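Let's take a walk through this protein together.

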Amino acid sequence: MNTLITDELQSTLDDFPRNKVEIITKYLREKISNRNLQPDDIRLNARTLTETYNISRVTAHRILSELSPALVPAEKTTLRIGICISDLINLENTFSYNKDIFRYYEQGSAFDQALRMGAEPVMVSLEQMNSGEWKTLNLDGLVVRHDLTAKATRELRQSNIPVVLDAYWGAVPCLFNAVAIDISEAMFELFELWDDSEDILLCGCADRRSTTRLGTVRWCLEDVERDLTRWHTRILPSTRGDLGQLAGYKLGLELVADKKYRRILTINDFFAFGLITAFDEAKWRPGQDYELIGMDNLEGMGQNPFGEPFVSSFDLSLDQFSVECMKLVVSLAKNPREGNQKVTIRMPSRLIQRKTTRVI
């Protein structure tokens, strides 16, 4: 029997379509209170609620947010873990895949992970970090994604709290503990797909993510002694507000005009989306007129600008990044390491082949 939906509940939802959040929240809260539904039931996530009640992801997240107190386990909260991730506009309403899983209380989020490990997640702004205000928040640990000022970095190093860098852009040397991507596994899968029989274009925007990932790509090429003369690089200037799609489109128009490169590796999927838009306008056929591989596997996380998963891409485990950061910082807060040892976790990667490459 499906405890998430009944004929009576469905009838009520049909009669009052504008009150779905209140109706569904009340129903689920009563089920949990009466122990007919466990707080850690795996169905209490945005995807299942969306499918069960025929609601949007945004509505599902509102319901989970309302339910959050009922989903928190009884373990006493003692640790306060700061999270400094973004002061930019929340893009969740525009890009469904770009939800910040630090912020949601649903099962599987970083917030949920913190609560289950006996910690209280505390949002910290970049301004609070750089001004030193964070020191008044009585934090027991901190996850940070930004480049901090030299002063803030120095103060963190002098503090006694564990700091974990959310290095989603790549594995880089740093002063703190880190969770970072490792694209080398996916690169070696790419090598099995593309040989040195034709030139390959490596492209992206001029930002930290591109610079770091470009360095890793070059290391992989040298490690397996690939012909570096076959690999060419185009890095376009970054434009404020553009996540890469506009730059990719502009480069795509150039590639269509000169037809110089057929195999293309982009630093992120946004850039790949822009390229494909230009290729589609020119009636180029994927896998024939061009072969394209992106990075981040955004389509695998729900972003499908072409209606269905279309772009071959490196899956970099981004949907697990925030959770792994939280696991590490709470673990270090509970069990400090001796000396000045630092921990780095490198998240695995793999190549997901779709329509923009020839599947082998």
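## Aromatic rings

Start with a group of phenylalanines: Phe270, Phe273, Phe306 and Phe310 come together as one aromatic cluster. Keep in mind that you're looking at a predicted model. Across this model, the count of aromatic pairs comes to 6.

Now find Phe279 and Trp284. Their ring centres are 4.9 Å apart and the planes sit at 25 degrees; planes under 30 degrees apart count as stacked, so this pair is stacked. Are these two residues buried or exposed? Both Phe279 and Trp284 are buried.

Phe279 has another partner, Tyr290. Here the ring centres lie 4.6 Å apart and the planes are at 45 degrees, so this pair is called tilted. Phe279 belongs to helix H11 (residues 269-281), while Tyr290 sits in the loop between H11 and strand E9 (291-295), so the pair ties together parts that are 11 residues apart in sequence.

## The chain as a whole

Zoom out for a moment. The protein chain is built with 12 helices and 12 strands. It has 360 residues, and 50% of them count as buried. The chain exposes about 18000 Å², with carbon and sulfur atoms supplying 47% of that area.

Who touches whom along the chain? Take the contacts with a separation of 6 or more: residues 24 or more positions apart account for 70% of them.

Look for Ser184 in helix H8 (residues 184-193). Its relative accessibility is 12%; buried means under 20%, so Ser184 counts as buried. Leaving out residues up to four places away in sequence, Ser184 touches Trp219, Cys220 and Ser349.

Ala46 is another one to click on, and you'll find it in helix H3 (residues 46-53). With 1% relative accessibility, Ala46 counts as buried. Its C-alpha atom is separated by 8.9 Å from that of Ser56, a residue 10 positions apart from Ala46 along the chain.

## Two loop residues with positive phi

Finish with a bit of backbone. Glu225 isn't a glycine, yet it has a positive phi of about 55 degrees. Where is Glu225 placed? It's in the loop between helix H9 (208-223) and strand E7 (231-236). Glu225 has 70% relative accessibility and counts as exposed.

Lys283 also has a positive phi, near 65 degrees, and it is a residue other than glycine. Lys283 lies in the loop between H11 and E9, the loop that holds Tyr290.

Methods
Residues are numbered from 1 along each chain as its sequence is written. This is a predicted model: local features need pLDDT of at least 70, side-chain atom pairs count only at pLDDT 80 or more; totals for chains, interfaces and linings use all residues. Side-chain values use heavy atoms; hydrogens and water are left out. Rings of Phe, Tyr and Trp (its six-membered ring) pair if their centres lie within 6.5 Å; planes under 30 degrees apart count as stacked, over 60 as edge-to-face and the rest as tilted. Buried means under 20% relative accessible area, exposed over 50%, partly exposed in between (1.4 Å probe, protein chains only). Helices (H or I, at least four residues) and strands (E, at least two) are DSSP runs, numbered from the N terminus. Contact means heavy atoms within 4.5 Å. Accessible areas come from the Shrake-Rupley method with a 1.4 Å probe; for residues, only the protein chains shown count as cover.
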